[in-house]
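I opened a new model today and kept notes as I went.

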Amino acid sequence: MLKLRRLISSDASVFQALRLAGLQESPLAFGSSYEEEKDLPLSTVEDRLAARPDRGVFGAFINNELSGIVALGRENKHKLAHKALIWGLYVTPQARARGLARALLQEAIALAQATKDIQQINLSVNAGNGAAIALYQSLNFKSFGHEPNALLVDGEFHDEVHMYLPLNKV
Ligand SMILES: CC(C)(COP(=O)(O)OP(=O)(O)OC[C@H]1O[C@@H](n2cnc3c(N)ncnc32)[C@H](O)[C@@H]1OP(=O)(O)O)[C@@H](O)C(=O)NCCC(=O)NCCS
């Protein structure tokens, strides 16, 4: 049975286990790394998950097992705060191709839609990640730039595509 919900501080351990699994399994998909996050104190992770009205982490559970995650963040500076950002999208290999990532992104987009003053959602994706780019395009994200050598992973450079979703609020 599939269930989607906002994660809360008490989900910190399971969230962090899946986050670290993703960073290990798909190092090219993320700006962060396993090495940087493996020793994060649980309190830091709890803080990441603490309830805030305009940002949050969503989880997809299959038979009560956390199988996918995505986060909606927001810029803090006044002149940038109309922008939210998607980060950390990851679905376990066993749970893929069942619509989890799409459903998670729809939850994150709905939160941004519901937050007055958020006008657009930005994200960055490895230019070689065709699956993720196709998913974002299908949700109407538009590419606005291609950054050469955006990531340096194990001595190799990788380009990123920057995308945004205008929310068309008045
Ligand atoms: C990319 C990822 C999140 C997709 O998760 P998923 O749950 O399998 O995706 P969904 O089942 O919701 O698929 C949604 C859409 O994604 C695209 N997609 C997913 N897998 C794909 C693949 N292997 N090839 C091409 N397109 C693919 C399709 O557009 C698909 O829509 P469709 O089913 O209508 O064709 C998952 O493969 C993953 O976690 N990869 C490693 C981490 C990663 O790349 N994260 C993204 C960081 S920007």
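**Entry 1: a pair across two strands**

I found leucine 123 standing opposite methionine 163, which belongs to β7. The model is a predicted one, so I note that at the start. Next I looked up how the two strands run. β5 and β7 are antiparallel partners, and 7 bridges join them.

**Entry 2: the other neighbour of β5**

I then turned to β4. Strand β5 covers residues 120-126, and it runs parallel to β4, with 3 bridges between them. Leucine 85 faces asparagine 122 of β5 here.

Strand β3 (residues 65-74) pairs with strand β4 (residues 83-91) in the antiparallel sense, over 6 bridges. Isoleucine 69 stands opposite tyrosine 90 of β4.

**Entry 3: the whole sheet**

In what order do the strands of the open sheet lie? I read off β1-β2-β3-β4-β5-β7-β6, which makes 7 strands with mixed pairing. β1 (2-6) and β6 stand at the edges. Each has a single partner strand, so one of its sides has no neighbour in the sheet. From one strand to the next, the twist averages 25°.

**Entry 4: a helix across the sheet**

I looked for what lies across the strands. Helix α5, residues 130-138, lies across β4, β5 and β7. I noted its angle to β5 as about 160°.

**Entry 5: rings**

How many aromatic pairs does the model have? The count comes to 3 aromatic pairs. One of them joins phenylalanine 144 and tyrosine 164. The ring centres are 5.9 Å apart, with 80° between the planes, and the pair is edge-to-face. The planes have to be over 60 degrees apart for that label.

I placed both rings on the sheet. Phenylalanine 144 is in strand β6 (residues 142-153), and tyrosine 164 is in strand β7 (residues 156-166). The two residues are 20 residues apart, so I wrote down that the pair links distant parts of the chain.

Methods:
Residues are numbered from 1 along each chain as its sequence is written. This is a predicted model: local features need pLDDT of at least 70, side-chain atom pairs count only at pLDDT 80 or more; totals for chains, interfaces and linings use all residues. Side-chain values use heavy atoms; hydrogens and water are left out. Rings of Phe, Tyr and Trp (its six-membered ring) pair if their centres lie within 6.5 Å; planes under 30 degrees apart count as stacked, over 60 as edge-to-face and the rest as tilted. Helices (H or I, at least four residues) and strands (E, at least two) are DSSP runs, numbered from the N terminus. Two strands pair if DSSP finds at least two bridges between them. Axes are lines fitted to C-alpha atoms, for helices over the stretch in contact, and angles run from 0 to 180 degrees between N-to-C directions. Contact means heavy atoms within 4.5 Å.
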